[in-house]
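Dear colleague,

Please find the structure below, together with a short account of what was found in it.

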Amino acid sequence: MRSYAVVTAAYWAFTITDGALRMLVLLHFNALGYTPVQLAFLFLFYELFGILTNLFGGYLAARLGLKVTLTAGLLLQVVALLALSAVRADWTVALSVAYVMAAQALSGVAKDLTKMSAKSFIKVLAPAQSQLFKWVALLTGSKNALKGVGFFAGGLLLSIAGFKGALFAMAAALALVFAGSQLKLPAQMGRAKARPKFKAMLSKNRDVNLLSAARFFLFGARDVWFVVGVPVFLASRLGWSFTEVGTFLAVWVIGYGVVQSAAPVFVRGWTRGAAPGARSVGVLAFILAGVTAAIAAGLQTQLSPSLLIVCGLAVFGVIFALNSAIHSYMILAYSDGDKVAMNVGFYYMSNAGGRLAGTLFSGLLFQEAGVPGCLWGSVAFALGAAVISTALPEPKASIPFAAADAAD
């Protein structure tokens, strides 16, 4: 129980700094006049190194234990925050972009080490303490709610303390969390009984591979309009302040987290009490594509663009959160208990790959075609997730849906 509490606290603290950092970087450099493509490039290494981290992270956790990978993620985030504070206003755009990309690479490694470790920790703890199963859906939703708090904090800190002051404050707080985790967590937990070979990093499980491919397109569908398109549209086209943009995105992510927390309740009504199956993710992905297409089409009418974006994003978030929650239930159902870190790492690698593709296309499409271009790109990604999902088999394992931990 103490380990569960420590892991949860560490993950929550990291999540707040991660959300705040995204808002700080995006809003600060947008105010300096960076183009949407340049803003997208600031996050490319964050996502790219997240892919590599998820590929290698599960392997390292299986060999070294989850404590090592969790605390390494926390420490790397502290280093990344301090590194970003060294950016100077008199640097050229090329130098600033290159430097921030490198610092964001550290943050991407930190984010996915921490996420993979924390969620694998819960799976390892659960068989010995079955009462934890019913907490995991709540843990996930609260994590996403705290990411929303991070968005708000990032916009607020930028307004109050400036770019460097906000980074120093977050680095100091996270350093304390690192020290507590280092002292309180057991060293051996999560280490595989037999040391896995390097080639075992790539999943040989067809079910996991298909689900990971669907995950790639699902998260691409979100980030292709959420990462650059929406914040820049609100700040540049509608004239919202840093705090207003951060607050809106915070409310969206908190609502998204609430839906994830309540996903078992929603889905039980839909499935008449049964655990969700492969058909559910395909149906939800097709619905997601339809909703996004309706928003894009609505922008061609006389309706208010701001109203369409705000309300459309709310509907999108509900459907996306349910789909994501079922995905993450299924990765647990497809995984053997002693291979969970390896499978989860591979699965999150695809998750990060989708975010990388979505981030790049978010900047490119917004610069060339505005928000409508981002939305039609989202439709294409959602349809990709839907088509792949039709090939998913029903999970053979039967675990409580409340045990699923939906990924970011």
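Which residue forms a salt bridge with Arg222? The partner is Asp223, with the closest N and O atoms 2.7 Å apart; a salt bridge here is a side-chain nitrogen of Lys or Arg within 4 Å of a carboxyl oxygen of Asp or Glu. Arg222 and Asp223 are both buried (buried is under 20% relative accessible area, exposed over 50%, partly exposed in between, with a 1.4 Å probe and protein chains only).

This is a predicted model, in which local features need pLDDT of at least 70 and side-chain atom pairs count only at pLDDT 80 or more, while totals for chains, interfaces and linings use all residues. Residues are numbered from 1 along each chain as its sequence is written, and side-chain values use heavy atoms, leaving out hydrogens and water.

The whole structure contains three salt bridges. Asp18 pairs with Lys111 in one of them, the closest N and O atoms being 3.8 Å apart. Asp18 belongs to helix 1 (residues 2-31) and Lys111 to helix 4 (residues 93-125), so this pair ties together parts 93 residues apart in sequence; helices are DSSP runs of H or I, at least four residues, numbered from the N terminus. Both Asp18 and Lys111 are buried. Arg88 forms a salt bridge with Asp90, at 2.8 Å between the closest N and O atoms. Arg88 is partly exposed because its relative accessible area is 47%, whereas Asp90, at 55%, counts as exposed.

Thr292 is located in helix 11 (residues 278-298). At 0% relative accessibility, Thr292 counts as buried.

Yours sincerely

Note on methods. Helix = DSSP H or I, 4+ residues; strand = E, 2+ residues; numbered from the N terminus.
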